Amino acid sequence: MSRRRRPAIWISWERHRRSRELSRALSVPLYEIVSRRGGRFRGIDCALRTIALLLKIRPSLLFVQNPSVLLAALASFLKPVCGYTLAVDRHSNFDFSDTQHGLFNFLSNYGIRRADLTIVTNEAVQRLVEEKGGRALILQDLLPQLAARSEAPRGGPLRVVYVCSFSPDEPVEEVLEAARLLDSNVHVYVTGRIPGAFQARAQRAPATLTFTGFLPEDEYIDLLGSSDVVLALTKREHTLLCGAYEGVSLRKPLVLSNQEALRSYFRKGVVLTENTPEAIAVAIRAAVEGRARLSAELDELVPELQADWSSRFHHLKSRLGVGDAAA
């Protein structure tokens with residue numbers, strides 16, 4: 001009697017589109033272990049549930065999302081015990097000014113060394129992983145299949161959607177000041193749940209800007225679909241942004257931070273900007289005025305990105321012995 005083949009699984013400690021898209025493309029079940037506990041109790045809760053899941057399923061191949069760095073370190077520690085191959089999907093959660101000191105870097109570097117493969121999104125992160133003794137493969141996000149129920153309305157102000165989560169790397173203040181410099185025929189919508197510390201500042205927003213607050217997925221996609229331009233900005237190098245992928249998928253002209261990873265990957269349909277109010281305002285005006293040309297460029301870019309992604313994805317499957325590539 002042949003032994004039952006041990007499965008491959010994917011574990012994440014948060015809900016994230018990239019993990020959902022990649023696990024679906026790999027035909028690997030995704031387990032989103034999300035805790036409502038706060039502080040250190042959240043990590044303990046997720047870790048205990050992860051250990052229980054691994055002991056129950058005993059996978060032969062384990063994918064984990066990093067963040068959480070604790071999840072990646074835990075999966076690395078348990079690898080010899082459970083006997084799986086470990087692939088860590090590493091988002092750009094590095095502090096490139098210091099990748100050596102402190103608990104975060106200790107856990108991060110341990111996970112990098114122990115993982116059989118670390119999946120990254122650009123060459124700079126690939127070099128860092130390999131310098132730390134890891135094995136890296138580049139695979140950017142799969143362009144999402146978004147079905148917006150609304151399009152940019154005719155008449156009224158042109159609509160710019162700033163995809164925002166109020167993370168420390170996002171130039172939110174600069175966008176607010178840029179909105180003050182725009183004419184009344186352009187209106188900026190800022191997505192994301194407004195932090196308590198930012199509430200008072202939000203009350204003083206200019207008339208050309210609206211905070212949408214947190215939106216359910218379908219309403220968020222409809223907002224993107226109704227936009228004339230999508231704005232996605234970061235102060236952090238070596239980072240690709242979900243908002244950029246979403247804008248490309250919907251063929252929406254983009255305003256992106258002038259940063260190497262964004263500049264080299266999203267090479268058409270984009271206006272690049274420095275993260276200053278004046279530069280952002282100028283870039284928004286340029287994108288609005290050139291939106292027909294930029295949308296046409298995105299029609300060219302989408303099949304190029306899809307072909308590149310398919311090639312890299314096949315390489316990933318071949319390297320890990322997953323799916324058709326393993327046959």
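This is a predicted model: local features need pLDDT of at least 70, side-chain atom pairs count only at pLDDT 80 or more; totals for chains, interfaces and linings use all residues.
Residues are numbered from 1 along each chain as its sequence is written, and side-chain values use heavy atoms, with hydrogens and water left out.

**Helix packing**

- Helix H1 covers residues 17–26 and helix H12 residues 291–320; helices here are DSSP runs (H or I, at least four residues), numbered from the N terminus.
- Their axes come within 12 Å and cross at roughly 65°, using lines fitted to C-alpha atoms over the stretch in contact, with angles from 0 to 180 degrees between N-to-C directions.
- That makes H1 roughly perpendicular to H12 (65 to 115 degrees).
- On the H1 side, Leu22, Ala25 and Leu26 make the contact (heavy atoms within 4.5 Å), and they meet Trp309, Phe313 and Lys317 of H12.
- Sorted by class, the H1–H12 contact has five nonpolar, no polar and one charged residues; Leu, Ala, Trp and Phe count as nonpolar, and Lys as charged.

**Cysteines**

- The model has zero disulfides (a pair of cysteine sulfur atoms within 2.5 Å).
- For Cys82, the closest cysteine sulfur is in Cys46, 17 Å away, so that's too far for a bond.
- Cys164 isn't in a disulfide either: the nearest cysteine sulfur, in Cys242, is 13 Å away.

Technical notes: Helices (H or I, at least four residues) and strands (E, at least two) are DSSP runs, numbered from the N terminus. Angles under 35 degrees count as roughly parallel, over 145 as roughly antiparallel, 65 to 115 as roughly perpendicular and the rest as oblique.
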